[in-house]
Amino acid sequence: MLTGKDWWKKAVFYQIYPRSFMDSNGDGIGDLPGIIEKLDYLNDGTQGSLGIDAIWFSPFFKSPEYDFGYDVSDYCDIDPRFGTLEDFDRLVAEAHRRGIRVMLDLVVNHTSHEHPWFKESRSSRDNPKRDWYIWRDGVGPRRRPPNNWRNNFFGPAWTWDEATQQYYLHSFLPQQPDLNWFNPEVRKAIEGVIRFWLERGADGFRLDVAHIYCKDEQLRSNPPFYRRPKIEERMSPGDRSLMMNLYTIFGLPEFQVKRYNQHHPETHRVLKRFRQILDEYPEKTSIGEILSEDPQVVASYYGNGNDELHMNFYFDFTHCRWKAGAFRRCVERWERLLPPEAWPAYTLSNHDIMRAISRYGGGEDADARARLLAMMLLTLRGTPFIYYGEEIGMKEVRLSRRQLKDPVGKKWYPFYPGRDGCRTPMQWDSGPGAGFTTGEPWLPFGPELERRNVAAQEKDPASLLNFYRKLIWLRKEQPALLEGSYRSVVEGIPDDCYLYLRETEEQRLLVALNFSSRRRNISLPSQLKASRMLISTDPRRAAGELDGLSELGPYEGCLISLNP
Ligand code: NOJ
């Protein structure tokens, strides 16, 4: 097991969506005992396993599952669909025995509407827990909502409660009421939840939508979308009034600048307090889901690099174009913006977005591209997060309306099919239940099951799975990959290639990635002498001594050792 205060900087993380990893009881839904069965696949201490060091589990706490676990009705218990607290204890023990750390998903911007706290809160206006949530009177004779805020799944952020004749705020579904983070009792209760799991063996938390905990206390309305300085500057007064009219006529309230319901300064204080709690325990960590189109805002959640969140996801890769320069600029921007002590975290996919392999075309080049991305993800300066199934090239699954489970997809189909397509069950083999279940899987399996499954790829030395394994195990032995500096190489490099150095005093490595489908000539600056190929994405290119590097094959990525 990686140890020491900073173990998470060297770790490879793996995200498991518990409903979809392994079903042990044939009900078509993954569960904790199922995950335990598969821990050896993730890391059995040998190079025949994937070799990951930590798992981030999407929530498995008690939940009525309006948002599949992101609506928690008991923070300190496991949902019976997934198992029991005893299963959890066994999971932690078995994971730790294999050197795998356990990260839980802390979903505390909101609870489920079935949480006893909310049930109490909504029971009467003078209930002691009334102020644990955000309740307001309607405005004017028609009792309109207190402001124009929209929820993140489309629609108003306020729901009228007939019984107590007030609105409550929900940044997501009406079944996910927002907690009032200005209430000290709420903070105390959540501190209790954090300690509960830390004491039970959790190694840290992923913090769900941690940028929206606190909202404007005056609940001011957000400005409409076109009132963004950059857009507005470019508009003539005529265009501006036309926009305003269109906005009013067509009622486009979804398009608003979220000025007053996110990134509140008080949220940083809450997160700094979380950090203090985590620091009371040895070797704990955190990663924030902070959503902002401005990476500087995301970077601010690192505090001074040591006093707020340990890591924050950098989501630019999830919408970056397939261009070497675009990826390079994303990385350089992030490297530039982070406070000196802050540690980056990278991801290509998660349970909310289309799987990367499909996002980048999914066609004939899909596998070559997936290998290239894997090499980039696992060799940048920072902690990589792999989404389950990415290592076998599982693709996004197209679902019919009838097959959809995600409420967001159901609402917006066919314009937006929702998030089920990236949440389909893990493909262990090509049998009828794909080795995932003996029953009916809760979502269908993906395309090309006969080759996109673990059993088939284990047998093939050239498979994506075996490439991931080799690279992850190799990474563990390269100090420059684990803690080296990052520097792009641009001089003499074709536009469609992305090259960077990872360096410590003892080791110099070069990562060379060709984003084009054609062979590319490379002329490295004279001071960079390629001396050894450690691994290439092309299984035909063997590891071994090199006398320089002069070309990269189509979509080829190489990890190369340089002369000191
Ligand atoms: C972000 C999570 O990743 C997403 O799945 C969820 O629906 C929302 N937060 C609400 O908790």
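The largest nonpolar core holds 146 residues, of which Tyr14, Leu42 and Tyr498 touch the most other members. A nonpolar core is a set of buried Ala, Val, Leu, Ile, Met, Phe, Trp, Tyr and Cys residues joined through side-chain atoms within 4.5 Å; buried means under 20% relative accessible area, exposed over 50% and partly exposed in between, with a 1.4 Å probe and protein chains only. Helix H13 (residues 366-379) gives the most to this core, with nine residues. This is a predicted model, in which local features need pLDDT of at least 70 and side-chain atom pairs count only at pLDDT 80 or more, while totals for chains, interfaces and linings use all residues. Residues are numbered from 1 along each chain as its sequence is written, and side-chain values use heavy atoms, with hydrogens and water left out.

**Nonpolar cores**

- Tyr498 touches residues that include Ala324, Phe327, Met376, Leu380 and Phe515, not counting residues up to four places away in sequence; contact means heavy atoms within 4.5 Å.
- In soluble globular proteins, nonpolar side chains tend to be buried together.

**Ligand site**

- Of the 13 residues around the ligand, Asp67, Asp208, His351, Asp352 and Arg419 come nearest; a residue is near a molecule or strand if one of its heavy atoms lies within 4 Å of it.
- This shell divides into four nonpolar, two polar and seven charged residues. Here Ala, Val, Leu, Ile, Met, Phe, Trp, Tyr, Cys and Pro count as nonpolar, Asp, Glu, Lys and Arg as charged, and the others, Gly among them, as polar.
- The side chain of Asp352 places an N or O atom 2.5 Å from an oxygen atom of the ligand.
- For Asp208, a polar side-chain atom lies 2.8 Å from a ligand oxygen atom, and for Arg206 a side-chain N or O atom is 3.1 Å from a ligand oxygen atom.
- Taken alone, the ligand exposes 290 Å², and the protein buries 97% of that; accessible areas come from the Shrake-Rupley method with a 1.4 Å probe, and for residues only the protein chains shown count as cover.

**Gln176**

- Gln176 is in the loop between strand E8 (166-169) and helix H6 (184-199); helices (H or I, at least four residues) and strands (E, at least two) are DSSP runs, numbered from the N terminus.
- Gln176 is buried, with a relative accessible area of 0%.
- The side chains of Gln176 and Asp67 are joined by a polar contact of 3.0 Å. A polar contact is a pair of N or O atoms within 3.5 Å; within protein, one must be able to donate a hydrogen and the other to accept it, and residues adjacent in sequence count only if both atoms are side-chain atoms.
- The Gln176 side chain also reaches the backbone oxygen of Tyr70 at 3.0 Å.

**Leu380 and Leu509**

- Leu380 is found in the loop between H13 and strand E13 (383-387) and is buried at 0% relative accessible area.
- Leu509, in strand E16 (residues 508-514), is likewise buried, at 0% relative accessibility.

**Backbone geometry**

- Tyr413 and Pro414 are joined by a cis peptide bond, with omega about 0 degrees.
- Glu65 has a positive phi, near 65 degrees, and counts as buried at 11% relative accessibility.
- Tyr555 has a positive phi of about 50 degrees although it is not a glycine.
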